[in-house]
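I opened this notebook to record what I looked up in a structure that was new to me. The entries follow the order in which I worked.

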Amino acid sequence: MNFLLILFISFFSCNTKSPTQFSVAALNDIFITQEGDSITFEDILENHQGKTLLIDVWASWCRDCIEGMPKIKDLQKEYNDVSYIFLSLDKTQKAWKKGIKKHQVEGAHYFMQSGWEGAFGKFLDLDWIPRYMIVDAKGSIKLFEAVKADHIRIKENL
């Protein structure tokens, strides 16, 4: 009986640790800026070096994403020293840009051209959006996964 308990605990406690660093493949994934230029995720991080980051993976067609936007805007007011990075999974760049304008989303915007199955999406094991992450000023991932903008761990890590 004790053996089964130990086996059960060992099995379910393994692989639950979230990554604290981005994979090389994720860092090398290519995104598109609002101006239409290509940029690696590593360069996006470097552009915000030394700041805490809230990363929001979203799409303008995603009801849950849009419902979370007022909460993100509240966080932006409360934590104005944080950089807010929005990574879009819209189907087209036109829809992405229209969504930014329609929902008045303030922050740094990038289009995930590689989509759900690209290196960045695979690193996240992306299966739902919105997806929120927190990266500290030193570049370590402090919160790997939250699907609600009011998740308690978001504020804890900002």
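**Entry 1. Layout of the chain**

I noted at the outset that this is a predicted model. I then looked up the secondary structure and found seven helices and seven strands in the protein chain. Read from the N terminus, the elements follow the order α-α-β-β-α-β-α-β-α-β-α-β-β-α. I also looked up burial: of the 158 residues in the protein chain, 44% are buried.

**Entry 2. Aromatic pairs around Phe22**

How many aromatic pairs does the structure hold? The search returned eight aromatic pairs. I began with Phe22 and Phe120, whose rings are stacked, at 6.1 Å centre to centre and with 25° between the planes. This pair links distant parts of the chain, as Phe22 is in the loop between α1 (2-13) and α2 (24-28) and Phe120 is in helix α6 (residues 119-124), 98 residues apart.

I checked the exposure of both partners. Phe22 counts as buried because its relative accessibility is 10%, under the 20% limit. Phe120 also counts as buried, at 0% relative accessibility.

Phe22 and Phe123 form a tilted aromatic pair, with 5.5 Å centre to centre and 45° between the planes. This pair, too, links distant parts of the chain: Phe22 is in the loop between α1 and α2, Phe123 is in helix α6, and 101 residues separate them. Phe123 has 16% relative accessibility and therefore counts as buried.

I then asked which residues form one aromatic cluster. I recorded Phe22, Phe31, Phe41, Phe120, Phe123 and Phe144 as its members.

**Entry 3. Charges over rings**

I looked for charged groups placed over aromatic rings. The charged end of Arg131 sits over the ring of Phe144, 4.9 Å from the ring centre. Phe144 is one of the residues in the aromatic cluster of the previous entry. I also noted Lys91, which lies over the face of Trp61 at 4.9 Å from the ring centre.

**Entry 4. Salt bridges**

A search of the whole structure gave four salt bridges.

In the pair Arg63 and Glu67, the side chains meet in a salt bridge of 3.9 Å, N to O. Both residues lie in helix α4 (residues 63-78), four residues apart, which is about one turn of the helix. Is Arg63 buried or exposed? Arg63 counts as exposed, because its relative accessibility of 60% is over the 50% limit. Glu67, at 47% relative accessibility, counts as partly exposed.

Asp150 forms a salt bridge with Lys71, and the closest N and O atoms are 3.5 Å apart. Here the pair links distant parts of the chain: Asp150 is in the loop between β7 (141-146) and α7 (152-157), Lys71 is in helix α4, and the two are 79 residues apart. I recorded Lys71 as partly exposed, at 36% relative accessibility.

Lys142 and Asp136 also meet through their side chains in a salt bridge, at 3.7 Å, N to O. Lys142 is partly exposed, with a relative accessible area of 40%. Asp136 counts as buried, since its relative accessibility is 18% and the limit is 20%.

I looked up Ile154, which lies in helix α7. Ile154 counts as buried, at 0% relative accessibility. I then compared its position with that of Met133: Ile154 and Met133 are 21 residues apart in sequence and 7.8 Å apart in space, C-alpha to C-alpha.

**Entry 5. The largest pocket**

The largest pocket holds about 260 Å³ of space. Which residues lie nearest its centre? I found Leu45, Glu46, Gln49, Lys138 and Gly139 nearest the centre, among the 16 residues that line the pocket. I then asked which element gives the most to the lining. Helix α3 (residues 41-47) does so, with three residues. By kind, I recorded the lining of the largest pocket as six nonpolar, five polar and five charged residues.

Conventions. Residues are numbered from 1 along each chain as its sequence is written. This is a predicted model: local features need pLDDT of at least 70, side-chain atom pairs count only at pLDDT 80 or more; totals for chains, interfaces and linings use all residues. Side-chain values use heavy atoms; hydrogens and water are left out. On a 1 Å grid over the protein atoms alone, a cavity is a set of points where a 1.4 Å probe fits but cannot get out, and a pocket is an open set with protein on both sides within 12 Å along at least five of seven lines; lining residues have an atom within 4 Å of a point. Grid points are joined across faces, edges and corners, and a volume is the space filled by probe spheres set on the points. Ala, Val, Leu, Ile, Met, Phe, Trp, Tyr, Cys and Pro count as nonpolar, Asp, Glu, Lys and Arg as charged, and the others, Gly among them, as polar. Rings of Phe, Tyr and Trp (its six-membered ring) pair if their centres lie within 6.5 Å; planes under 30 degrees apart count as stacked, over 60 as edge-to-face and the rest as tilted. Buried means under 20% relative accessible area, exposed over 50%, partly exposed in between (1.4 Å probe, protein chains only). A charge sits over a ring if NZ of Lys or CZ of Arg is within 6 Å of the ring centre and within 35 degrees of the ring normal.
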